[in-house]
Amino acid sequence: MSLTELIRHVGIFGGAVIVCLALLSVFSVGMIIEKHRRFSSASRESEKFKPEFKKFLHGGEVKDLIEAGRLHPNSHVAQVVSAGMIEYDGVGQSGGDPSASLELVTSALRDSISETLIQLKRGLGFLATIGSTAPFVGLFGTVVGIINAFRSIAATGSGGMSVVSGGIAEALVSTALGIFVAIPAVVAFNHFTGKMETFHVEMNRASSQLVNRLFKIPELNELNLEAAEVKAPTVKKEGAYATR
């Protein structure tokens, strides 16, 4: 019996299950395509933004980095860095001391990371739901198809192929379609979840580098200067004692 003949023998309830699984498959494919484009765009624009960010880490200007972030709105790294830089620059423009805005910048970076992750995760729960429920929907159609096959046998008193073909068709098509819908959804969900973890690491690294560039490097320089001033008199005293 060919696939066309199987589908032709499917009953009303089995047809409803098949239509439901087909719609889930369409939604799943659409979500996979949309997330693939979003993640690819984020990776591509982040790679273009990273040279500008490295330039800032080695002594670039704040305004140049903010402008570079505006040119790459889909970059997850640029979104996080821009949030911190805008907060840092805003404190300076309002007349405050930018070097004292560590807590504000850190809070802005943390909020930006959370917001970016929420945007990237949008739709992944739908894929996870399809991947976990589609086999059970197919199994439900399978059970109903087998029940219909036994009912046909009981009604006719015989078990010929023509009698049970409708129930078997529902069982086989529902099972196959449920697995066919679930596998791409599960594979895509695991793939995008792995990409999300990579993006999260990149955003955390960028935020740490930004904070080090804006706040920790000046402090280290001051400490080095103070240490040099403390060591200088000690050397002179040692020299004096040696002379004596």
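Val19, Leu23, Val26, Phe27 and Phe126 form a nonpolar surface patch of about 460 Å². Patches consist of residues with over 30% relative accessible area and no salt bridge, nonpolar side chains (Val, Leu, Ile, Met, Phe, Trp, Tyr) being joined within 5 Å and like charges within 9 Å; a salt bridge is a side-chain nitrogen of Lys or Arg within 4 Å of a carboxyl oxygen of Asp or Glu. The model is predicted, with local features requiring pLDDT of at least 70 and side-chain atom pairs pLDDT 80 or more, while totals for chains, interfaces and linings use all residues. Residues are numbered from 1 along each chain, and side-chain values use heavy atoms, without hydrogens and water.

Helix H2 supplies the largest share of the nonpolar patch, four residues (helices are DSSP runs of H or I, at least four residues, numbered from the N terminus). Val26 is located in H2 and is exposed, at 54% relative accessible area (exposed means over 50%, buried under 20%, partly exposed in between, with a 1.4 Å probe and protein chains only).

Helix H2 (residues 12-57) packs with helix H5 (residues 102-121) at an angle of about 145°, the axes lying 10 Å apart. Axes are lines fitted to C-alpha atoms over the stretch in contact, and angles between N-to-C directions run from 0 to 180 degrees. Lys35, Arg38 and Phe39 of H2 contact (heavy atoms within 4.5 Å) Gln119, Leu120 and Lys121 of H5.

Glu202, in helix H7 (residues 161-243), is buried, with 17% relative accessibility. Beyond its neighbours within four places in sequence, Glu202 contacts Lys50, His76 and Val77.

Key: Helix = DSSP H or I, 4+ residues; strand = E, 2+ residues; numbered from the N terminus. Areas by Shrake-Rupley, 256 points an atom, 1.4 Å probe, with all protein chains shown as cover.
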